Amino acid sequence: LSTRFFPGFSRFSLKMSALQRVLANNEVAQQMIESMKSEISGIRQMKIEEWKKQLRQENSLLRDSVEKAKAQLIALECASGRPQIPIPGENVEKPTKVEAQPPSSEMAEKVPSAEKKPKKEKPPPPPKAAPEAPIDVGRLDFRVGKIVEVSRHPDADSLYVEKIDCGEPQPRTVVSGLVRFVPLEEMQNRMVVLLCNLKPAKMRGVTSEAMVMCASSPDKVEILAPPEGAAPGDLVHCQGFERQPDAQLNPK
């Protein structure tokens, strides 16, 4: 029959032929993949065996080296008279006795001397610190001062900031909590007694370099007044105490 009378049958035959070729090619590809897998597995196994063989050889060489070193060590210990104690469960061959020989000059240099080293003498204990002077009023540096300038503290309502002449080239800055007890006009040009060897300390941002001495009771606070005729810088002595002021009092 002519294909012109059955065009659909012709196209169907072509498709079947192409499908058969694809299936045949797929089968060939699968066979090639399996063959390659087998070859790769064989190569991997061969490499593993080579590595195992190499490791066995290296282990054997290491074992021989350890045994040789062990034998040399045992021989040296026997030569020096050190007894050998076998480990339970191991067959330890008794080493051949080696006659002890005097050590060579090189060995003598390497072997440390058995002589006892002289003991190091302990250093003498440090000298004890001199006892601290007794705490009394003689260690306080009291001086006469004159307030030459006074103002309210810019950051504290209860504090004055004074400039006080105490006989030094520059007046000292002093911060005092006297606002509630002494009016500002009574502070100006007032003669006072200062404690001058306190450690300077900041009070609300202003460094105070001394302290205005006062007397207080539960009801009021009054500034100590120096004797008549006293001048700024005069030293104040306390009866019954020798005046030996510290350079700076320890705040502790």
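Read along the sequence, the protein follows the pattern α-α-β-β-β-α-β-β-β-β-β-β. That comes to three helices and nine strands, where helices (H or I, at least four residues) and strands (E, at least two) are DSSP runs numbered from the N terminus. This is a predicted model: local features need pLDDT of at least 70 and side-chain atom pairs count only at pLDDT 80 or more, while totals for chains, interfaces and linings use all residues. Residues are numbered from 1 along each chain as its sequence is written, and side-chain values use heavy atoms, with hydrogens and water left out.

**Stop 1: helix 1**

Select residues 7–79, which are helix 1, and find Leu23 in it. Is Leu23 buried or exposed? Its relative accessibility is 53%, so Leu23 counts as exposed; buried means under 20% relative accessible area, exposed over 50%, and partly exposed in between (1.4 Å probe, protein chains only).

**Stop 2: the hairpin**

Now select strand 2 and strand 3, which form a hairpin with six residues between them. In the turn, Gly167 has a positive phi of about 80°. The two strands run antiparallel and are joined by five bridges; strands pair if DSSP finds at least two bridges between them. Ile164 has Arg172 of strand 3 as its bridge partner.

Five of its five residues are buried, so strand 3 is largely enclosed by the rest of the structure. Arg172, Val174 and Ser176 are on one side, and Thr173 and Val175 are on the other. In a regular strand the side chains alternate between the two faces of the sheet.

**Stop 3: the nonpolar cores**

Select Ile164, Met187, Val192, Leu194, Val212 and Ile223, which touch the most other members of the largest nonpolar core, a set of 17 residues. Strand 1 (142–152), strand 2 (160–165), strand 4 (191–195) and strand 9 (221–223) each give two or more residues to this core. A nonpolar core is a set of buried Ala, Val, Leu, Ile, Met, Phe, Trp, Tyr and Cys residues joined through side-chain atoms within 4.5 Å. Another core, of five residues, lies apart from it and includes Ala156, Leu159, Val175 and Val206.

**Stop 4: salt bridges**

The whole structure has seven salt bridges, each a side-chain nitrogen of Lys or Arg within 4 Å of a carboxyl oxygen of Asp or Glu. Which residue forms a salt bridge with Asp246? The partner is Arg139, with the closest N and O atoms 2.8 Å apart. Asp246 lies in the segment after strand 9 and Arg139 in the loop between helix 2 (105–110) and strand 1, so the pair ties together parts that are 107 residues apart in sequence. Arg139 counts as buried at 15% relative accessibility, and Asp246 as partly exposed at 21%.

Go back to Arg172, which forms a salt bridge with Glu168. Arg172 counts as buried at 13% relative accessibility, whereas Glu168 is partly exposed at 28%.

Last, select Lys220 and Glu222, whose side chains meet in a salt bridge (2.9 Å, N to O). Elsewhere, salt bridges that share partners join Asp141, Arg143, Glu168, Arg172 and Arg243 into one network.
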